[in-house]
Amino acid sequence: MSWENNVRKVVPYTPGEQPKSQEKIIKLNTNECPYPPAPGVKKLLEAESYEDLRLYPAPDAAALVDVLAEYYGVGSDQVFVGVGSDDVISMAFLTFFNSDKPILFPDITYSFYPVWSDVYKIPYKKVAIDADFRINADDYKQENGGIIIPNPNAPTGVLEDLSLIEDIVKSNPDSIVMIDEAYIDFAEEGTSALSLVSKYDNLLVIRTFSKSRAMAGLRIGFAIGNAKLIKFLNDVKYSVNSYTMNRPSLELGTEAVKDDKYFRQTLAKIVNTRERMKKELSALGFSFPDSKSNFIFASHATVPAEDIFKYLRGKNIYVRYFKQERIDNYLRITVGTDEEADALIGALKDFVSK
Ligand code: PMP
């Protein structure tokens, strides 16, 4: 018992299943992009310098920071990069959520938020979203030590209007408000809170290369905010690990941002398939909140979600099921290629219409 009393004990986050076998699996469970990264990334990967791996990467990750600053029209001192947005959010929790007051986030949301709160001993309060999975801005006008909201929300896929986000940011000048925009590239233009970062010094917008840029395997995420916020974040990063970003990530991530045409083509394909999947799922008796992300959060009129989950698993089609209050009759289905969508719908037809 002795040393165990001193252990920082946590209940870890459970990531979606990654298949171990080489069997052909239709993987619609972790919101990855079904298409490869930009072709320039492939070329660079093949030319990747093996010899350079003996050298440390640039601690300030300048090449990637600069290309992102240019792409989003902000200063390089307004961009922070990390090992996936999980690393960025974790650093941001450690940096900005340092009060005795509870931080606020939706009750149905990314299940990593309570885990980071626990590991860093940050008090938190879950704020209930309504029966239609919508956020009410007034619920966030109470005393708090910070706020984090994903927009679109996960696992619901629901996008809140920018005016609601602005209302929350504006009403909380004494707290940092983080908007986790992991899925915003799949929504229409003009929906991102990035347009507000020059107006509010308490807003931090977090993005990832894992979904829309098809680079989950490289682990790249970033945050954009005012220069003072980014300086505070970097101070904490340099106090934990100076070299978070490895050399290949810096080079390949920078290359990916340069190919905007390919990026937009990929997004358009996914959005098309998403809209098609919505129609076909509806026809099969599923209902879902309207998704602006690369997944659909669907519930069937008569067949329990857990049964469908197990049935699909048996057919080597992986989707995500959360055995959690309020959402235990829903499946989160990632939008795949058209062929993957056909296979999913085909399998569902056999099961739910029996
Ligand atoms: N935020 C949300 C809402 C997510 O769903 C995910 C994906 N699990 C992440 C952040 C983290 O993604 P990554 O670390 O791959 O950037």
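This report describes the fold, the surface and one aromatic region of a predicted protein model.

Because the model is predicted, local features need pLDDT of at least 70 and side-chain atom pairs count only at pLDDT 80 or more, while totals for chains, interfaces and linings use all residues. Residues are numbered from 1 along each chain as its sequence is written, and side-chain values use heavy atoms, with hydrogens and water left out.

**Overall form**

The protein has 10 helices and 13 strands; these are DSSP runs numbered from the N terminus, helices being H or I with at least four residues and strands E with at least two. The C-alpha trace spans about 60 × 55 × 55 Å along its principal axes. A compact globule of 354 residues would have a radius of gyration near 20 Å, and the 21 Å of the protein agrees with this. That radius is taken over C-alpha atoms, and the globule rule is 2.2 Å times the number of residues to the power 0.38.

Taking contact as heavy atoms within 4.5 Å, 74% of the contacts between residues at least 6 apart in sequence join residues at least 24 apart.

**Aromatic region**

The structure holds 22 aromatic pairs. Rings of Phe, Tyr and Trp (its six-membered ring) pair if their centres lie within 6.5 Å; planes under 30 degrees apart count as stacked, over 60 as edge-to-face and the rest as tilted. Two pairs that involve Y110 are listed here.

| Pair | Centre to centre | Angle between planes | Class |
|---|---|---|---|
| Y110 and F112 | 6.0 Å | 70 degrees | edge-to-face |
| Y110 and W116 | 6.2 Å | 75 degrees | edge-to-face |

Y110 and F112 are buried, and W116 is buried too. These residues belong to one aromatic cluster, formed by Y13, F93, F97, F105, Y110, F112, Y113, W116 and Y124.

F105, a member of that cluster, sits in strand β3 (residues 103–106). F105 counts as buried because its relative accessibility is 0%. Leaving aside neighbours within four places in sequence, F105 is in contact with Y113, P114, S117, Y124, K125, K126, V127, Y140 and I148.

**Helix α5**

Helix α5 covers residues 162–170, and its buried residues are L162, L164, I165, E166, I168 and V169. The cover over these buried residues includes β5 (147–150), β6 (177–180) and β7 (203–208).

How values were computed. Buried < 20%, exposed > 50% of the residue type's maximum accessible area, 1.4 Å probe, protein only.
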